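Biologist: I would like to learn how to read a model feature by feature. Please take me through this one.

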Amino acid sequence: MGVIFLGSWLAQGVAGAASFNQQQLSQLQDPVSFRGYLGTSDFWNRTLQNWQSEFLAVGSMAVLSVYLRQRGSPESKPVGAPHDAAGVEG
């Protein structure tokens, strides 16, 4: 999982650097190297926005799953029931 995380973060960095440099060139400014891009606020803003959305999605799924299960949702089985008991009240 660590390799997948680092690989996706690297891909995000490469794509972000390309977009940032394209914007720099359109404003007649010098492009930056990939290493230089990693120190810009643009890179960290994109990274933190991505992480924020992921944590929000995973957190809301976890909280809603527990809430719906404890409320006796008809789509979930009662706590402690066997796996084939979905939809059974009790």
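Biologist: How many salt bridges does a search of the whole structure find?

Modeller: First, a caution: this is a predicted model. A search of the whole structure finds 1 salt bridge. Its partners are the side chains of Asp-42 and Arg-46, at 3.0 Å from N to O.

Biologist: Where do Asp-42 and Arg-46 lie?

Modeller: Both are in helix α3, which covers residues 41–70. They sit 4 residues apart, about one turn of the helix.

Biologist: Is Asp-42 buried or exposed? And what about Arg-46?

Modeller: Asp-42 counts as buried because its relative accessibility is 18%, and buried means under 20%. Arg-46 has a relative accessible area of 35%, so it is partly exposed.

Biologist: Now the rings. How should I read an aromatic pair?

Modeller: A pair of aromatic rings is described by the distance of the centres and the angle of the planes. In this model the count comes to 8 aromatic pairs. One of them joins Phe-20 and Tyr-37. Their centres are 5.5 Å apart, with 45 degrees between the planes, and the pair is tilted.

Biologist: Which parts of the chain does that pair link?

Modeller: Distant ones. Phe-20 is in helix α1 and Tyr-37 is in helix α2, residues 34–37. The two are 17 residues apart. Phe-20 is buried, since its relative accessible area is 14%. Tyr-37 counts as buried because its relative accessibility is 0%.

Biologist: Why is the pair of Tyr-37 and Phe-43 edge-to-face?

Modeller: Because the planes of Tyr-37 and Phe-43 stand at 70 degrees, and over 60 counts as edge-to-face. The ring centres are 5.7 Å apart. Phe-43 is buried, and so is Tyr-37.

Biologist: Which residues form the aromatic cluster?

Modeller: Phe-5, Trp-9, Phe-20, Tyr-37, Phe-43, Trp-44 and Trp-51 form one cluster.

Biologist: On to empty space. How do I find a pocket?

Modeller: Rolling a probe the size of a water molecule over the atoms shows where empty space is left. Here the largest pocket holds about 200 Å³ of space. The elements that give two or more residues to its lining are α1 and α3.

Biologist: Which residues line the largest pocket?

Modeller: The lining consists of Phe-5, Ser-8, Trp-9, Gln-12, Asn-50, Trp-51, Glu-54, Phe-55 and Val-58. The largest share, 5 residues, comes from α3. By class, the lining has 5 nonpolar, 3 polar and 1 charged residues.

Biologist: Back to helix α1. What does Gln-24 contact beyond its neighbours within four places in sequence?

Modeller: Gln-24 is in contact with Gln-29, Asp-30 and Pro-31. Gln-24 is placed in helix α1. It counts as buried because its relative accessibility is 13%.

Biologist: And what does Asn-21 touch, not counting residues up to four places away in sequence?

Modeller: Asn-21 touches Pro-31 and Val-32. Asn-21 is also in helix α1. With a relative accessible area of 15%, Asn-21 is buried.

Biologist: One more. How far apart are Ala-18 and Phe-34 in sequence and in space?

Modeller: They are 16 residues apart in sequence. In space they are 8.7 Å apart, C-alpha to C-alpha. Ala-18 lies in helix α1, residues 2–26.

Biologist: Why does Ala-18 count as partly exposed?

Modeller: Because its relative accessibility is 49%, and exposed means over 50%.

Conventions:
Residues are numbered from 1 along each chain as its sequence is written. This is a predicted model: local features need pLDDT of at least 70, side-chain atom pairs count only at pLDDT 80 or more; totals for chains, interfaces and linings use all residues. Side-chain values use heavy atoms; hydrogens and water are left out. Buried means under 20% relative accessible area, exposed over 50%, partly exposed in between (1.4 Å probe, protein chains only). Contact means heavy atoms within 4.5 Å. A salt bridge is a side-chain nitrogen of Lys or Arg within 4 Å of a carboxyl oxygen of Asp or Glu. On a 1 Å grid over the protein atoms alone, a cavity is a set of points where a 1.4 Å probe fits but cannot get out, and a pocket is an open set with protein on both sides within 12 Å along at least five of seven lines; lining residues have an atom within 4 Å of a point. Grid points are joined across faces, edges and corners, and a volume is the space filled by probe spheres set on the points. Ala, Val, Leu, Ile, Met, Phe, Trp, Tyr, Cys and Pro count as nonpolar, Asp, Glu, Lys and Arg as charged, and the others, Gly among them, as polar. Rings of Phe, Tyr and Trp (its six-membered ring) pair if their centres lie within 6.5 Å; planes under 30 degrees apart count as stacked, over 60 as edge-to-face and the rest as tilted.
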